[in-house]
Structures are given as C-alpha cells and as structure tokens.
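Hello,

Here is the structure I promised to pass on. Please have a look, then read my notes below.

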Amino acid sequence: MTASPANLKLTIVGIENRTTTFTVEDGMLVVARPGEKKWPRIRTTLGHVLWAEVKGDSLEVSFLARRKSTSPLAVVRLTGTVQEAEADLASAFTESLMDAAYAGVKRQRKLKVFVNPKSGPGNGIVYYKKRIEPIFQAARCAVDPTFTDYPGHAQELIKELDLEQCDAVVVVSGDGLVHEVINGFAQHRDPEGAFRVPIAPVACGSGNGLPLNLLGPQDGYDVCAGALNAIKGKPMHIDLCSVTQKDKTVYSFMSQTVGLFADLDIGTEWLRFLGSTRFVVGFVIEVLKMKRCPVKLSIKVADSDKKQMVQKLHGYHAKARACTSPAEVPISAEDTAADDDSTTAPSSAPPLSPTDPKASSPLSPPDSEGWSTFVRPLSYVYAGKGPYVSRDLMQFPVSIPDDGLVDIVAQEITTRKAMIDAMDESEQGMQYWLDTQHYFRASAYRVEPYSPKGCFSVDGEEYPFEPFQVECHRGMATVLSPCGYYQAEFRLPDESKAS
Ligand SMILES: Nc1ncnc2c1ncn2[C@@H]1O[C@H](COP(=O)(O)OP(=O)(O)OP(=O)(O)O)[C@@H](O)[C@H]1O
C-alpha cells in the first residue's frame, strides 16, 4: 500500500465485532463505527493521535477527541483483532498514521512528572491517575512520577535531575510548583542545560497562568490538552525575571506584585477550596478595603504607548502564525526594545484622556542610567510575563514571550466603582484601557517599600516585603507549546466593539 496521510483508509471488522473504518483526510483522522450508538463518527486532528500499531494480530489506535467542538478532550482507545488478509494493510496504515501524528516530534518522551496533591481544590492526584497517566501510557511515554510531600520537595529533586534521562518536566499543579521547578533548575549543577529542559504545565491549581497562556482559554484548564502538550508540544523559549532582595535572587516566570493583588494572592489562601473563583472573591474584598500601596516604583522603561504596544503584539502574532515551528518564531528588530535602547524614555506620554486634569506623565524624567520614578499614589504594582495570570484576568495582554521585556502595571488609586467596573471584561484584558492603569514594558524595575507592612508575591508565592529589583532575562527558560506563542487574543477597543 502506498499510504500517504492524504489517502489512508482502513476498514476492519475486528473491533468489538463491528466494521470500523479509519480514514485520514485533510489532516484529520475520521473513525466511522456505524453500529456504535453513542459516538458513531469521530473526527479528530492527526495531532491528537497518541498511538497506532499492529502487534501480532492485535490492532490499537488511541487518540484524543471532542464529542462537540466545545467539549473537553477525551481519550479513545480502540483495540481489535486483525484478520490475516488485512494484516499488511493494517500495518502500513498504522505506520503512516504514526508518521503523520508525530511529524517532527520525538516519540515516547521521557517525562519527569510532579503532582502536587495540595494545589487548588486538591484534585491533582485524582486527575493524574484517572485522566493524565492513561494518556502518557497510551503514548508509550517513559514516566517518572513524584507526588510532592511538602513545599520545596519538587525544587530539591529538580536540582539533581539527570538531564540525559528527561525530555520534559511535567508539572501537574498550579503556578507555585512551576516556580519551584524553575528555581530548582537555577540551582542545578548545569543550570544552562537544565533550563533547556522544557516544562509542560498541566492545570490543577487555582491560578494556572502558564497553561492558560500556552494552551489558550479553551484548553488551558483541560488536563488532557496539558498532557498532550507534554507528549507533543514543541520547545518555546520564555523570558525569566530575576528578583533580587538583599543578597538573594529568585527567578520568576510569571508575576511579581505588591499592593492589592499581593494582598489578594497571599490573603486568600483560606479560599483555596473555591479554585479560580478565589481570585474574584478576593479582588472584591481588597477593592472594598482600598488600601494604598506604600512603595517607590522605579522603571527602566522601553515602551509605554498602549496603542503602539498592541500594534507590536499584532505584528509579532502575524509573524509567529506564519511560522510552522515554534523554534522558528522570529522577533523583529522593532519588537525587541530590550536589545539596544531599552533604557530610553517612554515613546510617548501614557494615554491619559485629553480632559484629565493630571494629563502629565506619571513618570519622572529618566536619570542618566535610564531609570524613571512613578510619581502618583498607587493601589498596586503588578509585573510579569504572559497575558493570563488566571482565567478571570488577562493582566498583561501585550506580553511577548521572549523579547527581554517585563510588563509592568502601575494602578493609580481610583474609585472603587472604576476598579470593579474595570474587572467586567478583565478576562479579555479590558482593564488595560483604564486611564488610571499605567502600563510599561521594561528591561528592569525596582520597588522600595515606604512602610514595613505589606505583602509581596512572586508567581503567587509569598516573599518578604522588602526592597527588590527585577531584571528580565531573554529566553532563559523553555516550555512546551502547541504553537510557539501565547494563545491570547487582544484587540484595540474599537476593533473589539466591531467584532
Ligand atoms: N504536599 C504538599 N503539601 C503542601 N504544600 C505543597 C505540597 N506540595 C507542594 N506544595 C506547595 O503548594 C504550593 C501551592 O501550589 P500550586 O501553586 O501548585 O497550587 P495553587 O496555589 O493552588 O495554584 P496557583 O499557584 O496556580 O494559584 C506551592 O508553594 C508548593 O510548594
């Protein structure tokens, strides 16, 4: 049989004594099972095929598929007996199907898996055993699982990771355990080699910013989509931020915050049972308190024009989508402010409305080294990489994965109503357009508290409320991604209304 993915077809009668026809057409696997009542015709992309083989007279085809376009992914494993007359055709079919399903991807990855039994509402172990492990087994991956026993357990083990024996580190948890893995890599005897090992997050926590950014809002919380990404995702570089306090440095892949959102992150541990709703409830509680954030914020600004930042994002996405492989995703010179002139002043004044009486820049002029100071009273400072920090909040909508710039939101004190209203479409990042929400892209920034009391959160984990400096390091870590860029759509407000 001269099988190519365009014309593959196999009809056998050996699966549950029914005639089953497998067809590959237009990059899809179609399985027709006329006698099957519940799911007679399954259609799924070749990328969702986990395994296909004939061994002796046994056929197995395993894949992920959705019953409806909005359903989560489910594992389907079809096994049956192949008659002697069908054997050659079935072997040729499964070999061609596997070639197409794993084009450009190493089969049977070696996966180091961490499962946090305590993350989010505490479903990690159940999800792992019932939904994730069967996918790894179907794909014949070599899996080394650890159920973490205490905070810091994953970090201790990752420091000693045998890099030769690991194609990816899978983190079945929230963002806190990813933070541990990143900092374990930094302490590895070969940190450069360790940071080349890609991380594949599978969402089981409360925030799950990283899986949302990599898999998008539809699949971000789908543990099957996360498992598939671990098996087939392609390496994508992301920036890390070093956060230095006194003589200690930690690495942050997602966020650093002081003020309202830090109080929320740290102060709502008791609401963990609510899952991601914890952050919505916590936000309302903190807005009602409306505390000031007593800090001095200094920034090495690269960009602060909101519309231009959106246009740059769109330019980046257009190029990224034109690439077939994440490794090819380019960053154009005009998108890479971190390269040469990251210490220059903002390209234009922040977009305050023309009638705003305070329509002067909220930043002091830059000093000789390019540092400016934010000069208005603050409610919070929220900085980070990656658009989503949780399902309900696209905090950094114009973030680009590896351009060496960290996004910084400086929220000026405003009314409670304005803060609550702004959260209305915060899952689409619409708070970005608030006049009182100042947004900078920067190579570095510093925060110096004026008061001894407060909370400081890095990737959702608590750190001392003491001065800190952050520097963004271009492409320092690696994650797995289905497409090579953050999957979050963000438009100019007039475009959003038009659609
Ligand atoms: N067995 C364990 N018992 C208690 N804590 C643990 C255990 N294993 C890991 N941890 C810690 O649990 C903390 C929270 O984990 P994680 O961030 O993964 O979940 P989450 O907070 O629910 O999610 P998110 O960070 O996305 O909001 C991390 O600081 C991690 O170190």
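This is a predicted model: local features need pLDDT of at least 70, side-chain atom pairs count only at pLDDT 80 or more; totals for chains, interfaces and linings use all residues.

Which residue lies over the face of Trp-371? Arg-446 does, at 4.0 Å from the ring centre. Lys-232 lies over the face of Tyr-102, at 4.4 Å from the ring centre. (A charge sits over a ring if NZ of Lys or CZ of Arg is within 6 Å of the ring centre and within 35 degrees of the ring normal.)

Residues are numbered from 1 along each chain as its sequence is written, and side-chain values use heavy atoms, with hydrogens and water left out.

Now the aromatic pairs. The structure holds 15 of them. (Rings of Phe, Tyr and Trp, the last by its six-membered ring, pair if their centres lie within 6.5 Å; planes under 30 degrees apart count as stacked, over 60 as edge-to-face and the rest as tilted.) Phe-261 and Tyr-382 have ring centres 4.9 Å apart and planes at 45 degrees, so this pair is tilted. Both residues are buried (under 20% relative accessible area, with a 1.4 Å probe and protein chains only; exposed is over 50%, partly exposed in between). The rings of Phe-374 and Phe-440 have centres 6.3 Å apart and planes at 80 degrees, so that pair is edge-to-face. Phe-374 is buried, with a relative accessible area of 6%. Phe-440 is buried too, at 0%. Ring pairs also link Phe-261, Tyr-380, Tyr-382 and Phe-396 into a cluster.

Best wishes
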